[in-house]
Structures are given as structure tokens and as C-alpha cells.
Amino acid sequence: MKKALITGINGQDGSYLAEFLLEKDYKVYGTLRRSSVNTTERIRHLLDESNLEKHQNPKKIHLVYGDLTDSLNVTRIIKEIEPDEIYNLAAQSHVAVSFDEPEYTANADGVGTLRILEAVRILGLEEKTRIYQASTSELYGKVEEIPQTENTPFHPRSPYAVAKMYAFWITKHYREAYHLFASNGILFNHESERRGETFVTRKITLAAARIAQGLQDKLYLGNLSSKRDWGYAKDYVECMWRILQHQEAEDFVVATGETKTVREFCTLAFRYAGIELEWDGTGIDEKGIDKKTGRVFVEVSREFFRPAEVDLLLGNPEKAKRELHWDPRQTAFEALVQLMVKHDMEYVKRIK
Ligand code: NAP
Ligand code: F7E
């Protein structure tokens with residue numbers, strides 16, 4: 001039985017990856033940060049009630065307290081588990097928040113990755129442990145090429161992206177210098193019904209569901225013209241696994257090859273919630289109006305603009321398709337928006 005360690009197992013991707021690896025008969029360990037509230041909502045179904053049962057049931061996950069800003073903790077966890085595969089998904093992952101918490105983001109997202117790589121080296125696990133690093137399309141930032149490939153130069157536009165740039169290169173460096181099997185997955189935006197509620201897609205699907213049910217008056221957004229290559233998180237965790245099964249440690253772009261604006265996402269989400277929007281005005285004065293009633297449901301607020309924006313992301317997933325036999329279009333854009341809205345229509349009804 002292979003052992004996998006997922007840092008950030010209770011995050012969006014961590015929860016799907018844990019399910020995927022359990023299905024593949026891995027023994028799955030995951031790090032959880034101590035918190036004053038329960039943060040295991042996404043993985044509750046993968047936890048056992050009693051510890052004893054947990055250790056006996058291979059279909060459940062094993063949690064360890066872990067924080068990537070604590071190198072002693074990181075090293076001890078890796079020493080105790082001796083994993084065959086580490087998926088480093090833990091990060092302060094919100095781009096806008098990284099402008100407010102740049103030092104913490106650098107520590108967790110940048111140096112945190114170094115702590116894992118160095119622990120594997122110090123512990124002499126170079127031959128045993130393969131490492132997946134959660135790199136990001138944010139590295140391309142002010143894009144120098146469309147679409148973006150593994151060879152497109154980076155131009156990061158946020159403290160988050162700069163921290164992830166260090167993580168990308170330190171991963172590559174440990175591969176070249178110490179022959180670790182360490183690979184970067186350069187993942188473009190991927191969403192789901194488990195997406196954090198302050199990322200734009202989930203913010204929109206939740207608001208569309210609430211507005212449709214008379215529970216919210218208006219949705220305020222920032223840059224409606226921003227373009228993203230949006231895929232489904234459940235499809236993307238499969239590719240993470242494929243990256244670590246490849247014969248060589250290499251870096252891969254993981255994307256759908258299709259890009260849409262925030263405005264397009266919004267229009268479609270409201271349509272699936274039963275509201276047809278039309279757009280009027282430009283810039284800060286643009287509004288999303290209900291065609292039927294003339295009510296304004298979407299407005300633009302300066303609050304959600306960033307000091308520097310990434311205007312357009314579009315990935316070329318050819319390498320992952322060719323070498324990993326991964327299908328980038330398992331869940332098309334329309335299907336993704338529909339499944340998120342369907343989930344949130346039920347969810348807001350339940351919690352209102
Ligand atoms: P997420 O839902 O925000 O999950 C992040 C996870 O990291 C959570 O479990 C979080 O724990 C944990 N974490 C945060 N700071 C930590 C620290 N200092 N030590 C240990 N754990 C910490 O993010 P996601 O969407 O699943 O993304 C997974 C990874 O892929 C992240 O590294 C992200 O930057 C990267 N990525 C995401 C996308 C995307 O579109 N989703 C695209 C490219 C790359 P708490 O619950 O305690 O906060
Ligand atoms: O923003 C615009 C915003 O916060 C998407 C992370 O998973 O993907 C994610 O980063 C776009 C941006 O994701 C609002 O300005 C407009 O242009 O959903 P987001 P992100 O910044 O692309 C990458 C690949 C990661 O690696 C990250 O970890 O939408 N936008 N209005 C808004 N964004 C938010 N959050 N809220 C708004 O009201």
C-alpha cells in the first residue's frame with residue numbers, strides 16, 4: 001500500500017485528491033492546521049469517529065497537525081510517515097489577501113515548499129519520496145504569450161505569485177541539484193462546489209442562488225473583464241496524481257484551453273439560477289440588470305479591484321494530454337457553472 005501525504009488536505013483540492021487516492025488504495029495522510037473552529041467540513045465524510053477505527057479502516061484519512069511555517073513540524077511529519085508521495089497543496093491561496101499579508105504568504109507558500117524539499121533531503125528520502133508542488137497560472141501574470149505553455153516566461157503580479165515563483169524554482173532546483181523526483185503542476189483556475197466562498201466563481205454562484213431565492217439583494221464584484229481558463233477541481237486532482245506517476249519528474253501546464261470573462265461566468269450562473277441578466281454601462285458604472293424586472297442585481301465596487309491585475313489567462317494543456325493522457329475537457333465550462341449553481345441552490349435553501 002503506497003503512502004501519500006497531502007498538505008492542506010481540508011482545502012478544495014486536498015479533499016478531492018484524498019478521495020481520489022483512497023479510491024486508488026493509498027494510505028492517505030493529511031495536514032490540518034489547529035483552528036479555534038472546525039475546518040474539516042470538506043473532509044468530514046473521510047474521517048472516522050474514533051481514532052482506533054481510523055487506523056484500522058484504510059478507506060479513511062489520517063490527520064496530523066501541520067503548518068508549513070514550522071520547519072520542525074514539517075520535518076517530523078515526513079520522518080514519521082516516510083511517504084511515497086507528497087502533494088504540497090497547502091498555501092495562503094487567495095491572491096487579493098496576499099497584498100494584505102505578503103510576508104506570511106511568502107513564508108507559507110514560498111519557504112514552506114523549501115521546508116518540505118529540504119526535509120526529504122535531510123531524511124535521506126530522495127530515492128523514495130516523490131513530490132508534487134502546487135504551482136499556478138498566476139506565475140504568468142502579465143502574460144508574455146497567449147496561450148501559456150511550460151515554456152512561457154513568468155511575470156508574477158502579486159505577492160502570492162511571487163511566493164509561488166520561489167516555490168516553482170526551488171522545486172526545480174532540488175530536482176536538478178539533488179535528483180529529487182519533484183514536479184510542478186502549473187494549474188490554471190479550477191473551481192467546484194467546494195471552492196472557497198471568496199473566490200469569484202463561488203461568490204457568484206452563491207449570490208445567484210441567494211438572489212434567485214430572495215435572500216440577497218445585490219452582488220458586488222470587481223474587474224468583470226478579467227479572463228480565466230476555468231476547469232473543474234475534481235478533474236485536476238487526477239492530473240496531479242498522473243504527474244507523479246510519470247517516468248520523469250517534469251513540469252506540466254494543467255488547463256482546459258478555453259478562456260472566459262468574469263462577466264460571462266456571471267451571466268451563465270444567473271441563467272442557471274433562472275435569471276436572465278443584461279449588462280449596461282462601462283467600468284465602475286457597469287451593471288447586471290434582470291431583463292424581466294429591470295432590477296439591478298450586479299454592481300461593480302472598487303473594493304474588489306487589486307493593486308495589480310492578471311488580465312488574461314489561457315493555458316495550453318497539450319503536454320499533459322500527450323504525455324499524461326489526461327483529458328482537459330472532462331467537465332466543460334457550461335457544465336462546471338451548472339453543477340456549482342445546482343449545488344448552491346440547494347445549499348442556500350438548507351442553511352438559510
Ligand atoms: P484552498 O482551498 O485555499 O486550500 C488551501 C489549504 O492550505 C487549506 O487546507 C489551508 O488550511 C492550508 N493552509 C494554508 N496555510 C497553511 C499553512 N501555513 N500551513 C499548512 N496548511 C496551510 O486552496 P485550493 O484551491 O485547494 O488550492 C490548493 C493549492 O493549489 C494551493 O497551493 C493553491 O495555491 C494552488 N493552486 C490553486 C488553484 C485553484 O484554482 N484552486 C490554481 C493553481 C494553484 P486552512 O483550511 O486551515 O486555511
Ligand atoms: O479571481 C476577478 C479577480 O480570486 C479571479 C486562486 O485559486 O486561481 C485563483 O486566483 C478573477 C480575478 O482567483 C471579484 O480580479 C472580479 O481577475 O477567483 P479569484 P484568482 O485570483 O485567479 C489561481 C490560479 C491561483 O493559483 C489562486 O490560488 O476575478 N474578480 N471581481 C474578483 N475576484 C474575487 N475574488 N472577488 C471579486 O469580487
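Colleagues, let me begin with two helices: H7 and H9, the latter spanning residues 262–272, pack at an angle of about 30° with their axes 9 Å apart. H7 and H9 are therefore roughly parallel to each other, and their crossing is right-handed.

This is a predicted model, in which local features need pLDDT of at least 70, side-chain atom pairs count only at pLDDT 80 or more, and totals for chains, interfaces and linings use all residues. Residues are numbered from 1 along each chain as its sequence is written, chains are lettered from A and ligands numbered from 1 in the order in which they are written, and side-chain values use heavy atoms, with hydrogens and water left out.

Helices (H or I, at least four residues) and strands (E, at least two) are DSSP runs, numbered from the N terminus. Axes are lines fitted to C-alpha atoms, for helices over the stretch in contact, and angles run from 0 to 180 degrees between N-to-C directions. Angles under 35 degrees count as roughly parallel, over 145 as roughly antiparallel, 65 to 115 as roughly perpendicular and the rest as oblique. A crossing is left-handed if the near helix is turned anticlockwise from the far one by less than a right angle, and right-handed if clockwise.

H7, residues 200–212, also meets H11, residues 333–351; their axes come within 8 Å and cross at roughly 50°. That angle is why H7 is oblique to H11. This crossing, too, is right-handed.

I turn to ligand 1. It is surrounded by 25 residues (a residue counts as near if one of its heavy atoms lies within 4 Å). The closest are Asn 10, Arg 33, Ser 93, Tyr 104 and Tyr 160. Which polar backbone atoms approach its oxygen atoms? One belongs to Leu 89, at 2.9 Å, and a backbone N or O atom of Ala 91 lies 3.1 Å from an oxygen atom of the ligand.

E5 gives the most, with 3 residues. By class, the shell divides into 10 nonpolar, 10 polar and 5 charged residues. Here Ala, Val, Leu, Ile, Met, Phe, Trp, Tyr, Cys and Pro count as nonpolar, Asp, Glu, Lys and Arg as charged, and the others, Gly among them, as polar.

Next, ligand 2. The residues around it number 22, and the closest are Ser 93, Tyr 160, Ser 226, Arg 306 and Glu 309. An oxygen atom of ligand 2 is 2.5 Å from an N or O atom in the side chain of Ser 226. For the side chain of Arg 228, the corresponding distance is 2.9 Å, and a polar side-chain atom of Glu 309 lies 2.6 Å from a ligand oxygen. Ligand 2 alone exposes 700 Å², and the protein buries 95% of that. Its shell holds 7 nonpolar, 9 polar and 6 charged residues.

Finally, the backbone. A cis peptide bond joins Ile 146 and Pro 147, with omega about -5°; Pro 147 lies in the loop between E5 and H6.

Note on methods
Polar contact = N/O pair within 3.5 Å; in protein donor to acceptor, adjacent residues only side chain to side chain. Areas by Shrake-Rupley, 256 points an atom, 1.4 Å probe, with all protein chains shown as cover.
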